[in-house]
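Please work through each task before reading its solution.

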Amino acid sequence: MSFYDAEVAAGGVTQTLLEFTKTIMGITDNTQDAALSASLDIAGNAAELYIDNIIDQRDVTERFKDDKSPQQLRYWPVQTLVLVEVDGSDVTANRYSIVQDGLYWVLKSADGSCVDWTQMDITYTAGYDPIPEALAYAIAIGAAAYDQNVVTAAPLKKETVVGVGSMEYDTGLAVSTSYGSLPASSTSILDAYRRYHV
């Protein structure tokens, strides 16, 4: 998956994330495209890790072991239901649908009962196409920071003393992920899209 060629809807115009980022950075030629594309992929992956969700639309498959209905889906927004397999057999047709009630679920229809099963795989399309302007901007400024070498590792954020307690500091600086650091200007936008676990 490449973020640099993902479509972005910004200001009534649809363009690639690379074009969007070059506009923000004031770049008018293509001499930096390769390096900037690599930075966009790093920033896009870091953003997805930070929000614990999918940004660039793609198909995902989840595996379930329990026969309950509805099954809660992990990623959002869900666009389409692609395939429901029960123990390797396709049972999608007219038996399952996607519903939303604050979260996205796959719901078995009233006549969709099936025999006992061991494994259910649900494949669906999640994420954005085109990517909303705010998310694109968060990725673009993250990539610009990489490209301009202004992102450094985050400073000390949490300190723990065994038997006493811990203190967490709001550093207002970069947040590190396993893909790279994101500047605070990116994470402040991404916070609105962040997935929080209960």
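Helices (H or I, at least four residues) and strands (E, at least two) are DSSP runs, numbered from the N terminus. The model is predicted: local features need pLDDT of at least 70, side-chain atom pairs count only at pLDDT 80 or more, and totals for chains, interfaces and linings use all residues. Residues are numbered from 1 along each chain as its sequence is written, and side-chain values use heavy atoms, with hydrogens and water left out.

**Exercise 1.** State how many helices and strands the protein has, and describe the sheet that contains β1.

*Solution.* Step one: the protein has four helices and 14 strands. Step two: two strands pair if DSSP finds at least two bridges between them. An open sheet of three strands has the order β2-β1-β10, with mixed pairing. Its edge strands, β2 (13-16) and β10 (131-132), each pair on one side only. Step three: four bridges connect β1 (residues 7-10) with β2 in the antiparallel sense; A9, for instance, has T14 of β2 as its bridge partner.

**Exercise 2.** Determine how helix α1 is placed relative to β1 and β2.

*Solution.* Step one: axes are lines fitted to C-alpha atoms, for helices over the stretch in contact (heavy atoms within 4.5 Å), and angles run from 0 to 180 degrees between N-to-C directions. Step two: helix α1 (residues 17-25) lies across β1 and β2 and runs at about 100 degrees to β2.

**Exercise 3.** Is strand β9 buried or exposed?

*Solution.* Step one: buried means under 20% relative accessible area, exposed over 50%, and partly exposed in between (1.4 Å probe, protein chains only). Step two: seven of the seven residues of β9 (residues 120-126) are buried, so the strand is largely enclosed by the rest of the structure. Step three: in a regular strand the side chains alternate between the two faces of the sheet. In β9, M120, I122, Y124 and A126 point one way, D121, T123 and T125 the other, and all are buried. Across the protein, buried residues make up 39% of the 198 residues.
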